[in-house]
Amino acid sequence: MKLLFDTSSLRFKLTSVFILLVMLPALALMATNAIVSLNSGLERAYIQLETVTKLKEESLNRWVEHLESDLVSTLDAKELRWHISVLTEANDSVRLFTQVSFNRVKTALERTQSRGKRYTDIYLFNKDGLLILSTSSEHKVLKFKDSESFKTKSNEFSIQFPLDLAKKEKKQIHAIMPVINSNDQIIGFLVGVADSSQLTQLLGEKEGLGLTGESFLMSKNGILLSASNYVRHAIVPTENKVTLLKLNSEGSYRSRQRNYQDKMTLRVLYWLDSLKVVLVTEQQESEAFAPIYTALRVSVLVTIFALILAIALGIYFTKRLTAPMLELAHSASQVSKGILDTVIKVKGSTEFVNLAKIFNSMTLRLRELINQLENSEQQQRDLLNNTSSVIYIKDLQGHYVFVNHQYEELFNVKDSNISKKSDFEIFPDRIAKEFRQNDKRVLKSNSILEFEETVPLADGEHTYLSVKFPLKNSKNETYGVCGISTDITYLKKQEEVILHQAHFDALTDLPNRFLSLDRLNQMLRSKKRTQTPLALLFLDLDDFKKINDSLGHEVGDQLLVQVANRLSHSLRETDTVGRLGGDEFVIILGEIADGTDARPVAENLLSEMRTPFHLAEHELILTVTIGIAVFPDDGETPAELVKSADTAMYSAKADGGNAHCYFTTKMKEDVSRQLLLEQMLHNALANRELSLCYQPIVAIKSERIVGFEALIRWQNTELGFVSPDEFIPIAERTGLIVNIGEWVLNEALSTLAKLRDKFGEHYKMAVNLSPREFRNPRFIQQVKNAIAKAGVPYGALDLEITEGVLMGETNDISRTLLSLDKMGVGIAMDDFGTGYSSLSYLRKYPFTVLKIDQSFVFDIETDPQAKEIVNVVIAMAHILKLKVVGEGVETREQLNYLEKHHCDSAQGYYFSKPLPYEDVLRLLDSESCTK
């Protein structure tokens, strides 16, 4: 003890310094902690109040949303807005509906009042603020005209606090919903009266506010609107108006105010946009800071205790610091001998204690590093031995230094046995030389390289992807090569399969479109250099679709395979046959002297294909059509040659198929003409290039005009007059016929309406229909629209269809024809006698008119068979109660014959050619003059 309190002793000095070093920061820390605690406590108190404010804001917003949704759902009821409009805009002309609307609206409001139970009453005002009706049994009159919503005529939902809240009457809140009509105009207001007790209950939630916390609402002028404590209603809270103005600009504000009990409170003010009021949440400072004062008292006590403990520890550690250093010297000697488990027992002065700790830490760290090194070495061995790749290390001379287990198992060797051996002692010379050469390339480039190396194994040769890189020591000197090899044999085989699938047809194993055109392109490059010809044959199977449809796609696929085999065996080895897709094949004849050499090849293929194909239970006889194009006359690129051969093939198809055809200049011109017509036809309607002519239909007995057939004409500024026989098939193929047909129908019926207005109601109009128009799902509606627009009766229209429309006899055809018949539209069978002339069509479908084709009428005077056919057709039509029209009448003799055999009507050049509308008017004027 004497030594301890000796002021000249080192222990005393060390103890005094230790105590001062502990006490001064502790006191400073205590003071700082007190200040920080007070500030942070104030901040936490405000944050707590802001959190409670946010929660109350959410509750109030949900309450407002419920108020709004009740009124919105009421307005969304079926036809309610209309009934409201009747009430709010009622006059003498609508008195009949006023009582009905009054009952309808009142019932809806009462249902809303009873459903949500949020409103005590609901009022309906008109746009001038006059009360229309209410659910109140006492019929209280609200001063709605004084509300801001009425004055501003706002079209948004709003909440109003209309009464003087200084009075001690029951408080009410008004929810105002403007009623908007379809023109976005306000036609009235729904005003729901909600008891403020609902609002008071929400404000009265005390969670997070302690015992002294309260919430209330103020207007932006500082007027108290609602509070959780009823006592507040008698005392208006004081709040600086400058603060409220600042709140309006910033959204929220913190303040310290004395409340109605003269207690200092912490207050958070928050602007509620949904209610257009200020939400105030406050708590007395005494309650807010109570936890802080308690914490400060505890902090002081802990600091004093810590100081006492620090003094005791200072004395203890000072004594320990001066202990002799024999223990440290002994332990250091043990470590120098390699004994690393030595631990110094900490005794003595502070300096020696620190040295002992450092020494113990160094010893412990040394043991950890040795253990880590051993573990790392084992991990590396485990990693190398358990990977699926073959890993090996060689020295600069190519001798193995290390191989992993995968290498040992693959080549049935041991690491100990292979050490110091080279590849020449393990593999054949050819493979060993390749391996050694690759190793040298890695050492020479001093970088990572990849190689595909072939390795002989028991089940055959395998391909390995080997990644090799040089190994370097700490001096950046290369001392060996490391290789990582992965078996990619399966991937190489898959690559070959994928490559084959990308270039060969999966069904026939012939070159596909890509490979065929690539080979054609290569041959064309060679032919351009040698200036020699090349022929391309485009082959298409005739009626292959019928085989698929009737026998199934499986039989169709088998047939394609046999066709491919027969084509391959029928050609020379120098020729190429490929499948473009579907039933289309191409054949490239590269070794020909001139284009005529392709003819015998094509004829041989036609002959080969006529031999029956045997497919399971079926024996099929197949024909093909071949188009031939020759380089360079018919094209110099693959695309040009394929296009030319395709065009030639379609030309042969048009002649009946089962033939071959060379591409000609005329075909090219025809294709160009077709493309030009198609391009021009797209804009023909928009450019008003299409027009209608009308050929009269004459009653044979009276020789008076009873109707007209509408015939389309096209006059193009660049092409001139284009025949319908030329452009109608193009319109049919491209789908333009649908829009053109709709225009024709509207135009023809519009003309008919004018003629009937001027010359009488007995005229009819016949309009031709294409198969594509007839199958349009909107066709019936288009007919109805056109007739309604023209204002003519349904019976004034005859729609002419050919047998091509009826091919297939689908349910859609039957439904369409029956719909037209039910509407009263006439249905005419056009060009009868030129096609199948199936009587079943006339019996099955509701035709009203049968038109004899002009080819039979033309031959009446010279061909006895034509006469008999006309006689039979007229008699048959009359038996079926059909009207008969003879087409193409050009002579008086033809007309007399039709009249003799009781044909009903006729048309043709004998009466008139097709006329424009102006000429039709003149014709009918002249006919009227002759009556």
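Predicted model: local features only at pLDDT ≥ 70, side-chain atom pairs only at ≥ 80, totals over all residues.
Q: Why is the contact between Lys468 and Asp439 called a salt bridge?
A: The side chains of Lys468 and Asp439 meet at 2.9 Å, N to O, and because a salt bridge requires a side-chain nitrogen of Lys or Arg within 4 Å of a carboxyl oxygen of Asp or Glu, the pair qualifies as one of the 17 salt bridges that the structure holds.

Q: What makes this pair a tie between separate parts of the chain?
A: Lys468 belongs to strand E14 (residues 460–472), whereas Asp439 belongs to helix H13 (residues 429–445), so the pair ties together parts that are 29 residues apart in sequence.

Q: Why is Asp540 called buried, and why does Lys653 count as partly exposed?
A: Asp540 has 9% relative accessibility, and because buried means under 20%, Asp540 counts as buried. Lys653 has 25% relative accessibility, which lies between the cut-offs of 20% and 50%, so Lys653 counts as partly exposed. The side chains of these two residues, Lys653 and Asp540, meet in a salt bridge at 2.7 Å, N to O.

Q: How do you know that Arg922 is exposed?
A: The relative accessibility of Arg922 is 53%, and because exposed means over 50%, Arg922 counts as exposed. Its salt-bridge partner at 2.1 Å, N to O, is Asp919, which lies with Arg922 in helix H31 (residues 917–930), three residues apart, about one turn of the helix.

Note on methods:
Residues numbered from 1 in each chain as written. Heavy atoms only, no water. Helix = DSSP H or I, 4+ residues; strand = E, 2+ residues; numbered from the N terminus. Buried < 20%, exposed > 50% of the residue type's maximum accessible area, 1.4 Å probe, protein only.
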